[in-house]
Amino acid sequence: MKVEEIKKIACVGAGVIGYSWALYFALKKFDVFVYDITEESLDLAKKRVNESLRSLWKNHVIEEEEICEIENRILYTTVMEEAVRDIQFLVESGPESYEIKKEMVKQIEQYTSDDTIIVSSTSGLLITEIASNAKCPERFIGAHPYNPPHLIPLVEITRGEKTSEEVVEVAKAFYTSIGKEPVVLQKEALGFICNRIQMALYREVCDLVMRGVCSIEDADKAVTYGPGLRWGIMGPSLVFQLGGGQNGIDGLLKHLGPSINLWLQDMADFKEFPKEFGKMAREGVEEEIKNRPEALGNNDASLAEYRDKMLIEMLKLHHKL
Ligand SMILES: NC(=O)c1ccc[n+]([C@@H]2O[C@H](COP(=O)([O-])OP(=O)(O)OC[C@H]3O[C@@H](n4cnc5c(N)ncnc54)[C@H](O)[C@@H]3O)[C@@H](O)[C@H]2O)c1
């Protein structure tokens with residue numbers, strides 16, 4: 001399969017991630033077939049597609065008359081065969097469970113041709129396991145997006161033990177060709193790259209809050225107005241390269257190393273999130289939301305709207321929109 005041969009794409013599972021991929025592929029002028037198990041899920045996906053397109057229009061990414069055109073490139077069905085029989089690329093975004101994903105694989109393989117590339121949006125499950133009963137495991141690959149996939153450029157490409165090198169190369173070239181930034185994991189690792197990094201950070205947030213060092217709100221504020229601003233421009237290693245002045249990152253690690261080693265000894269290293277943290281986090285988030293001015297979003301809907309607006313502005317700065 002060559003990248004140029006990819007013309008029709010199926011999105012199987014049309015929840016938070018599936019609808020957003022469908023929208024992005026349609027924006028990039030592909031014919032998209034969306035499958036989900038119920039009409040209600042498809043109706044919700046249609047509604048979300050429309051809302052997201054309106055947000056792109058309001059933020060000057062597309063013209064108003066394009067909304068209908070893009071929507072018309074997406075066909076919705078609850079009949080798996082209709083969605084997947086004539087496509088070259090399939091994105092599975094079903095629930096995060098080996099059991100369900102394996103069952104989906106079985107159904108998908110019944111109707112797709114053997115060279116269709118099958119991609120899972122899994123947030124951290126192993127492709128080897130998802131494709132363990134597959135007829136053609138070599139065409140299975142992971143392409144983990146960040147929410148919302150129609151805006152965030154990162155795609156983490158993961159292979160299973162039997163994934164062919166050709167499929168990895170085509171998937172990487174395909175995502176690059178549609179404006180995404182794929183990174184390929186050289187080995188399978190639960191949680192991939194970014195969820196591990198996020199969770200390392202969040203384990204520390206949890207520990208700081210539970211120890212009473214700071215509130216959820218102040219931890220969020222510290223990240224947003226501190227390192228988060230720099231991370232939106234370049235990764236942590238480049239940030240440290242600059243932090244080391246003329247001695248670069250190794251100079252920084254040498255200079256601060258003894259101090260950092262003291263912090264490390266005091267930092268969280270638990271292997272399971274404390275159960276009681278969920279409630280504390282919820283209360284902390286509610287307090288934080290209450291304190292936010294309306295313009296920055298002060299309920300779930302307006303927060304999402306604010307996030308998308310800011311993402312769009314940042315993506316423009318990155319020349320990604
Ligand atoms: N939400 C995120 O932030 C995020 C980010 C990256 C990756 N992911 C991954 O994307 C996948 C989907 O997550 P989500 O957040 O969109 O979940 P979701 O619950 O919003 O959507 C899942 C969809 O799958 C449908 N579904 C259930 N059984 C199905 C089946 N047998 N066949 C087809 N569809 C079926 C559901 O009706 C639902 O619409 C998961 O693997 C998740 O780990 C999620």
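The side chain of Asp36 places an N or O atom 2.6 Å from an oxygen atom of the ligand, a polar contact in the sense of a pair of N or O atoms within 3.5 Å (within protein, one must be able to donate a hydrogen and the other to accept it, and residues adjacent in sequence count only if both atoms are side-chain atoms). Ser123 likewise has a polar side-chain atom 2.6 Å from a ligand oxygen, whereas Ile17 uses a polar backbone atom, at 2.9 Å. In total, 21 residues surround the ligand, and the closest are Ile17, Asp36, Glu96, Lys101 and Ser123; a residue is counted if one of its heavy atoms lies within 4 Å.

The model is predicted: local features need pLDDT of at least 70 and side-chain atom pairs pLDDT 80 or more, while totals for chains, interfaces and linings use all residues. Residues are numbered from 1 along each chain as its sequence is written, and side-chain values use heavy atoms, without hydrogens and water.

The domain assignment, automatic or from a database, divides the protein chain into domain 1 (3-184) and domain 2 (194-317). Their centres, taken over C-alpha atoms, are 29 Å apart. Domain 1 gives 15 residues to the contact and domain 2 gives 10, contact meaning heavy atoms within 4.5 Å.

About 990 Å² is buried between the two domains, 58% of it on carbon and sulfur atoms; this is the accessible area (1.4 Å probe) lost on being put together, summed over both. Within domain 1, Asn59, Tyr146 and Leu151 lose the most area to domain 2, together 47% of what that side buries.
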